[in-house]
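Subject: Structure handover

Hello,

Here is the structure, followed by what was found in it. Please read the notes with the model open.

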Amino acid sequence: MANNDQTKPELRTRSSLKEIQGIPLLEPIVTNWDRVEKFKAFPEDLLIATYPKAGTTWTQEIVDLILNHGDADQARRAPTHVRMPFLEMTAPNPTLSGITQLEKMGPPRVIKTHLPIQLVPKTFWDAGCKIIYVARNAKDNVVSYFHFDRMNLVQPEPGPWPQYLHKFMKGQWWGSWYEHVKGYWRERENKPILYLFFEDMKKDPAKEIRRISEFLGQNTSDQLIDNIMQMTTFAAMRENPMANYSTIPETIFDRQASEFLRKGEVGDWKNHFSSQENKVFEEHYNTMMADVDIPFCFSV
Ligand code: PPS
């Protein structure tokens with residue numbers, strides 16, 4: 001048993017939660033919240049916002065390649081979280097602390113966040129920064145999040161799947177999926193937000209890469225779009241050490257529990273939801289989403 005304890009670093013590292021404006025976040029993020037609030041954005045900065053596990057890393061890689069005109073070597077200059085820091089994340093390792101990284105960078109910066117729209121620092125709106133929001137259907141999103149919480153030893157303990165599904169429905173770390181996707185959806189016409197869907201990226205990646213390129217004001221040729229599409233397939237990114245988070249130590253990412261790039265599919269929820277869970281989930285989903293019409297797709 002003693003040996004087992006030594007091989008279970010999650011007992012020491014999994015974070016507790018604290019709330020900001022009713023949104024539960026990892027405790028170190030809340031402790032350092034004043035740095036997020038005081039953050040100064042440049043007008044040229046781009047924010048990539050998602051509910052966790054909705055396709056952030058994929059979109060980051062596409063954006064970085066577009067901005068670097070498809071230069072693969074340039075896109076391999078550093079791991080994802082160093083090239084495009086995670087705004088609110090804070091950790092003892094400075095390369096994992098978003099604001100510490102961002103303060104060393106000049107514009108234009110590409111910044112990742114999982115914050116719901118009401119917690120996005122005002123500086124981004126004041127500076128008129130563009131935002132790319134990526135949404136993923138709730139069922140695949142919760143499955144991906146479950147496996148991520150099993151492997152990420154900093155996140156709170158996921159517990160068994162049935163209970164995890166209920167936690168997701170109630171709103172868990174980084175808050176309610178429902179409110180998150182609705183918040184950005186409602187603002188997409190008033191603010192410079194490009195709202196994308198993971199499922200569209202799977203169905204027609206070239207089309208979505210072109211939309212991103214146009215949103216960024218880049219003139220990307222069809223050939224370059226095709227090259228970027230090839231460099232950002234699930235298989236290509238899974239093999240790319242600068243895009244697959246393999247540089248994160250095993251004490252944080254337990255790859256025996258799950259890979260970061262796990263399956264990358266639409267419809268994997270069918271392998272996880274029992275028919276009863278699906279029924280209860282759908283009833284709840286229909287209630288929660290009754291006030292909006294966001295065209296989510298649950299299979300392709
Ligand atoms: S995080 O931790 O919130 O930043 O995670 P995020 O990057 O948002 O989501 C991880 C899921 O996205 C899948 N992924 C991809 N799918 C298809 N193609 C590409 N290129 C790709 N890159 C990442 C990744 O596999 C996770 O989904 P699951 O379903 O768990 O595999």
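Strands β1 (residues 17-20) and β2 (residues 23-26) run antiparallel and are joined by four bridges. Strands here are DSSP E runs of at least two residues and helices are H or I runs of at least four, both numbered from the N terminus; two strands pair if DSSP finds at least two bridges between them. The two strands make a hairpin with two residues between them, and Q21 in the turn has a positive phi of about 45 degrees. L17 stands opposite L26 in β2.

This is a predicted model, in which local features need pLDDT of at least 70 and side-chain atom pairs count only at pLDDT 80 or more, while totals for chains, interfaces and linings use all residues. Residues are numbered from 1 along each chain as its sequence is written, and side-chain values use heavy atoms, with hydrogens and water left out.

L25 touches S16, L17, K18, I20, V30, W33, L115, L119 and W174, leaving aside residues up to four places away in sequence (contact: heavy atoms within 4.5 Å). L25 is also among the residues that touch the most other members of the largest nonpolar core, along with I132, W174, W177, Y195 and F296; that core has 91 residues. Helix α10 (residues 138-151) gives the most to this core, with seven residues. A nonpolar core is a set of buried Ala, Val, Leu, Ile, Met, Phe, Trp, Tyr and Cys residues joined through side-chain atoms within 4.5 Å, where buried means under 20% relative accessible area with a 1.4 Å probe, protein chains only.

The largest pocket has a volume of about 940 Å³. K53, K112, F148, F253 and F260 are the closest to its centre, out of 48 lining residues. A pocket is an open set of points on a 1 Å grid over the protein atoms alone, with protein on both sides within 12 Å along at least five of seven lines; a cavity is a set where a 1.4 Å probe fits but cannot get out, and lining residues have an atom within 4 Å of a point. Volumes are the space filled by probe spheres set on the points, which are joined across faces, edges and corners.

There are two cavities of 30 Å³ or more. The largest has a volume of about 70 Å³, and α8 gives the largest share of its lining, three residues. The second largest cavity, of about 50 Å³, is lined by K53, S144, H147, F148, M151, S258, E259, F260 and R262.

Regards

Technical notes: Buried < 20%, exposed > 50% of the residue type's maximum accessible area, 1.4 Å probe, protein only.
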